[in-house]
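The sequence and structure come first.

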Amino acid sequence: MKKATGEAVLVKKHPLAIRWFHWINFPVLTIMVWSGLLIFWANRNGPITRFGQPMFPDWFFAPPAPKWLPAWFPTDIAHHERVIYSLTGRLAEGMAWHFTFMWFFALNGLAYVLYLMFSGEWRVIVPKLASFKKALLVALSDLHLVPAAKEDGKYNDAQKVAYTGVILLGLVMLLSGFAIYKPTQAFWLTGLFGGYVMARWFHFWTTMLLCAFFLVHVAQVARAGWNNFRGMVTGYALEYRERKAEPPAPPEPAEEAA
Amino acid sequence: MSDWTPEEQIRRLSRRGLLWGAGAAVVAYGTLHWLDNSATEDGMGWPFKRVLGLNEKLAGLYLSNRSHAQEFPAGDAREPKVNGPYGLESEIDVANWRLQVVGAAEGLAVTLAELQALPVVDMVTELRCIEGWSCVVHWTGCRLRDFVAKYPPKDRKIDVERLETLPPYIGMATPDGEYFVGLDMASAVHPQTLLCWAMNGEPLTQGHGAPLRLVIPAKYGVKNIKRIGTITYATERPKDFWASDPEGYDWFAGL
């Protein structure tokens, strides 16, 4: 934490609704990914290739067992999948959980988007055209390749692109999911994805992107520190401002919000 | 409250937030534990069966026989792998095979030649296994709806265009009864639901369900029963191999 100077003030960060949507989404999405893996690992799909590459990566079906695993740990490959995470042979269970919790994922996501629309909060999230270039600069500065630019507003440009992108990712998730869930009834949607096999491809890889988002997100939150994390729990962050008679100075830019 | 410094306020808010978080975690864990340990019905926890039932009802609202599974050029057809040996263990005498129809005229047994006298349909659709793989296959057979019209359930004035005139379910089983599926009537009379005797231009092999199998693109592969021995008109939901204890799959399995 940086050294506190100036006057401490509570700054409103996240509305209550957004905090609830955020924290409900976490376990629900975890269950969706887990049950999705139960479905995915039910059967290895053979050498289906797309764009010259296996449609689903081989290492994902049978990742090599890490050397540090104790000898008693079951790492045999039962059929063609590994039993180590006991995710195989549980297809019926995976489908039951997936087709139950899809409702919570969809409704929570819908509520979040509607809230953004009607509360006006979308303004702090939706990137402008210039944001995309600036987002790159933010990413480079996060990697300590270029000096950090001065930030203003609740989110920097990289965050705007990421948080809007992840909403779109969720939408592709839902649509591609429905395209594989009802490929006969929703034949037009399945066709839009390029058919059943391609819809599966989209569903799988958007999940991978979502997991990548999650990893970066958690890393950035850890980097930004407790005060920022607390903002998503309490709705407030503590900031320190110079005491001045003049109009209040802009908030200090040093702290990175994630 | 107003006497408190911002530091005290945020500490208070954090404490409240963490208590909420702890409470929510306990409720979430309790819910998941309860779900995971709920009494099973046909091999699956009953809360899941309820939701799957609701999903099925909801699907009934948008389910329409005007929605057709995508059809492909015949050149896209491939040989699907032989999957699911249940009910196919014994050799079958194709020449003496008859299709028993339960719930129709007394003692009705239909020959393959009689089925082949119904309008013949060629269809190239994707067979979609519940385990994820899919394969485009060229099928030849007759429509189940034409079969229902020709061999109707007894004591009923039926019209295959009007679901309410038909019994709500159809069950099918292999001759030895080892494999069996249940179908809702709407899916059964879908125009792409076929009783097939040929695959990719050749008569069905034993492994692919000779002499007659069901092809129903509106359902997962598990419902596409091979070597049909009996067709039953039913008022109760027929038993289904994969939706029975302990397998626990969704009975509807609609696509």
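The model is a predicted one.

Two packed helices are described by the angle between their axes and the distance between the axes. The values for this pair are tabulated here.

| Property | α9(A) with α1(B) |
|---|---|
| Angle of packing | about 65 degrees |
| Separation of axes | 9 Å |
| Handedness of crossing | left-handed |

From α9(A), the residues that meet α1(B) are A:Arg230, A:Val233 and A:Thr234. Their partners in α1(B) are B:Ile10, B:Leu13, B:Ser14, B:Gly17 and B:Gly21. Sorted by class, the contact of α9(A) with α1(B) has three nonpolar, four polar and one charged residues.

**The contact between the chains**

The contact takes 29 residues from chain A and 35 residues from chain B. On the side of chain A that touches chain B, at least two residues each come from β1 (7-12), α3 (91-119), α7 (187-192), α8 (196-224), α9 and β4. The largest share of this side, six residues, is supplied by α3(A). By class, the side of chain A that touches chain B has 17 nonpolar, 10 polar and two charged residues.

In chain B, domain 1 covers 1-37 and domain 2 covers 40-243. The C-alpha centres of domain 1 and domain 2 of chain B are 53 Å apart.

A:Ile180 belongs to helix α6 of chain A, residues 157-181. Why does A:Ile180 count as buried? A:Ile180 has 23 C-beta neighbours inside 10 Å, and a residue is buried if 20 or more other C-beta atoms lie within 10 Å of its own. Leaving out residues up to four places away in sequence, A:Ile180 touches A:Tyr196, A:Ala199, A:Arg200 and A:His203. A:Ala42 is 138 residues from A:Ile180 along the chain, and the C-alpha atoms of the two are separated by 16 Å.

Conventions: Residues are numbered from 1 along each chain as its sequence is written. Chains are lettered from A and ligands numbered from 1 in the order in which they are written. This is a predicted model: local features need pLDDT of at least 70, side-chain atom pairs count only at pLDDT 80 or more; totals for chains, interfaces and linings use all residues. Axes are lines fitted to C-alpha atoms, for helices over the stretch in contact, and angles run from 0 to 180 degrees between N-to-C directions. Helices (H or I, at least four residues) and strands (E, at least two) are DSSP runs, numbered from the N terminus. A crossing is left-handed if the near helix is turned anticlockwise from the far one by less than a right angle, and right-handed if clockwise. Two residues are in contact if their C-beta atoms, placed from the backbone, lie within 7 Å. Ala, Val, Leu, Ile, Met, Phe, Trp, Tyr, Cys and Pro count as nonpolar, Asp, Glu, Lys and Arg as charged, and the others, Gly among them, as polar. A residue is buried if 20 or more other C-beta atoms lie within 10 Å of its own, exposed if 12 or fewer, and partly exposed in between; C-beta atoms are placed from the backbone. Domain bounds come from an automatic or database domain assignment.
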